[in-house]
Amino acid sequence: MKKIFLSCFLAMFALAAVAQTSNVAWKFEQKKNDDGTITFSATADVAANWYMYSTQPVDGPLPTEFKFNTGKDYTLVDGIKESPKPKEKYDEAFEVNVKVFEGKVVFTQKIKPATNKPFTISGSISYQTCSGETCIMNDTEFSVAVK
């Protein structure tokens, strides 16, 4: 009986873990610009009935945050840009107006290379997604080669 209970519990835990990571699909790219800079793009495809918070902080939920592993190979120019503009809505759980994305959103960061040699743009994204019933904190790492 204990084995059956434990098996059911582990199966439910595994399904919950899969559900937590499948509400956003990410795609990472880089494009060289005519002025010598690079545009790093992170495209998030948020699952139906879910939304993701903007990078713009408010007194409430944690905003989406990008952390780049900068070093001697490149520097960041300005900050993260979001497209399209986020929707503003009242969040009953936090009792504040928040900015969110539903569906597809593209985050871009302009980068200035400090070398002519190949290098890698890498880092992580911390973000929160919600469905109206539940919210999940997520972390995703990224790595994009620049040649």
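How many nonpolar, polar and charged residues are in the lining of the largest cavity? The lining has 6 nonpolar, 2 polar and 1 charged residues. Here Ala, Val, Leu, Ile, Met, Phe, Trp, Tyr, Cys and Pro count as nonpolar, Asp, Glu, Lys and Arg as charged, and the others, Gly among them, as polar.

The model is predicted, so local features need pLDDT of at least 70 and side-chain atom pairs pLDDT 80 or more, while totals for chains, interfaces and linings use all residues. Residues are numbered from 1 along each chain as its sequence is written, and side-chain values use heavy atoms, without hydrogens and water.

The whole structure holds 1 cavity of 30 Å³ or more. Its volume is about 40 Å³. The lining includes Y53, P57, L62 and K99. On a 1 Å grid over the protein atoms alone, a cavity is a set of points where a 1.4 Å probe fits but cannot get out; a pocket is an open set with protein on both sides within 12 Å along at least five of seven lines; lining residues have an atom within 4 Å of a point. Points are joined across faces, edges and corners, and a volume is the space filled by probe spheres set on them.

The largest pocket contains about 150 Å³ of space. It is lined by 13 residues, of which Y51, D91, E92, A93 and G132 are the closest to its centre. Strand β6 gives the largest share of the lining, 3 residues. Strands are DSSP runs (E, at least two residues), numbered from the N terminus. By class, the pocket lining has 7 nonpolar, 2 polar and 4 charged residues.

Strands β6 (residues 87–91) and β7 (residues 96–101) run antiparallel and are joined by 5 bridges. Two strands pair if DSSP finds at least two bridges between them. K87 has V100 as its bridge partner in β7.

There are 15 aromatic pairs in the structure. Rings of Phe, Tyr and Trp (its six-membered ring) pair if their centres lie within 6.5 Å; planes under 30 degrees apart count as stacked, over 60 as edge-to-face and the rest as tilted. W26 and F28 are stacked, because their ring centres are 5.8 Å apart and their planes lie at 5 degrees. W26 also pairs edge-to-face with Y127, at 5.3 Å centre to centre and 65 degrees between the planes. W26 lies in β1 and Y127 in β9, so this pair ties together parts 101 residues apart in sequence.

Key:
Helices (H or I, at least four residues) and strands (E, at least two) are DSSP runs, numbered from the N terminus.
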